[in-house]
Amino acid sequence: MRALSTGRSPVVGAPGAGVPELPEVETLRRTIAPHVIGRRILALDVRERRLRRPIAADLAARLVGRTIVDVRRRAKYLLLDVGGGLHWVIHLGMSGRLCVGDPPADLSHVHVVAALDGGGRLYFRDPRRFGLMLLTSDERDLGVLGLEPLGDGFSPAALWQMTRRHRRVTVKSLLMDQRLIVGVGNIYANEALFDAGLRPGRRAGRLSRAQVERIVPALKAVLHRALASRGSSLLDYRDADGEMGEFQRSLRVYERAGEACKVCGTSIRRTVIGGRGTFFCPLCQT
DNA sequence: AGCTCACCCTGGACGC
DNA sequence: TGCGTCCAGGGTGAGC
């Protein structure tokens with residue numbers, strides 16, 4: 001992903017760095033929607049089927065000729081509705097990127113290219129191939145998906161109920177469990193718990209109601225902040241790798257082990273929970 | 001029930 | 001310079 005220079009069609013896509021979580025996928029949805037809605041899929045070139053699950057052999061045959069009528073997001077999935085109740089589902093995994101317009105600067109690992117009427121092209125690039133692409137008429141194929149954290153359903157009372165039903169899980173694992181709450185990955189779970197002043201390794205069932213309840217606004221706020229910075233920096237970015245800059249600077253704990261807490265100056269600690277890097281301030285978080 | 005770990009995969013960081 | 005090794009991580013599934 002790189003600066004646009006040819007002055008042809010606009011280049012939009014996910015940031016060049018970072019693992020896509022809710023804000024990244026939602027930003028992607030907002031930015032590609034105007035370029036693909038109403039467009040007919042003229043051709044689909046599947047160059048590499050071996051993603052997390054192999055791309056079905058008949059994907060191209062089933063998609064070509066259909067028109068993209070809407071672009072939605074559910075959890076970290078992007079759903080391109082192609083009529084007839086069919087959803088073209090794309091998950092970016094951890095290195096997946098989607099862009100419309102000019103091809104990505106680096107054409108390696110471009111696994112799928114869709115040609116749209118009007119001359120636009122949609123590129124799916126995913127070096128690590130942890131992504132997913134399928135066509136389904138049943139959203140239940142995506143598995144059990146929990147509450148959207150920015151929705152009204154994700155309330156203090158709802159989170160409290162989750163902690164009653166899953167008392168022994170760590171609060172970080174609970175926030176990242178897609179069956180309970182969707183779209184929250186490692187970065188935002190760490191950041192939200194910092195903002196809530198709670199250690200990631202705390203057992204969900206041992207938190208007070210007040211502690212549980214302050215996670216909700218903390219998580220919503222960090223997601224909104226990320227959404228705002230991504231939204232503002234994506235559409236007209238010019239630097240080779242400047243898109244992530246703004247949000248990375250605002251991270252309080254993630255990937256900051258050994259650095260000073262921005263609130264109290266204490267050295268940020270790193271542990272591992274569920275096999276994922278976990279960061280917290282030993283003073284601000286209790 | 002819920003933990004840890006392995007797996008899928010590659011680029012980047014690091015050590016020699 | 002260049003090669004080998006390690007690591008990250010979303011989602012899923014196995015085993016404890």
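**Reading a DNA contact surface and a strand**

Me: Which residues are closest to DNA strand C?

Reply: In this predicted model, 14 residues surround DNA strand C, and the closest are Met 94, Arg 128, Tyr 254, Arg 270 and Arg 276.

Me: Of the atoms of DNA strand C within 4 Å of the protein, how many belong to sugar or phosphate?

Reply: Sugar or phosphate accounts for 52% of those atoms, and bases for the rest.

Me: Which side chains have an N or O atom by a phosphate oxygen, and which by a base nitrogen?

Reply: A polar contact needs N or O atoms within 3.5 Å. For a phosphate oxygen of DNA strand C, the distance is 2.9 Å to the side chain of His 91 and 2.7 Å to that of Arg 270. For a base nitrogen, the side chain of Arg 276 is 2.4 Å away.

Me: Where does His 91 sit among the strands?

Reply: His 91 is in E5, opposite Tyr 77. Strand E5 (residues 87-91) runs antiparallel to E4, joined by five bridges. In the hairpin of E4 and E5, five residues lie between the strands, and Gly 83 takes a positive phi near 85 degrees.

Me: Which way do the side chains of E4 point?

Reply: In a regular strand, side chains alternate between the two faces of the sheet. Here Tyr 77, Leu 79 and Asp 81 point one way from E4, Leu 78 and Leu 80 the other, and all are buried.

Notes:
Residues numbered from 1 in each chain as written. Chains lettered and ligands numbered in written order. Predicted model: local features only at pLDDT ≥ 70, side-chain atom pairs only at ≥ 80, totals over all residues. Heavy atoms only, no water. Near = heavy atom within 4 Å. Polar contact = N/O pair within 3.5 Å; in protein donor to acceptor, adjacent residues only side chain to side chain. Buried < 20%, exposed > 50% of the residue type's maximum accessible area, 1.4 Å probe, protein only. Helix = DSSP H or I, 4+ residues; strand = E, 2+ residues; numbered from the N terminus. Pairing = 2+ DSSP bridges.
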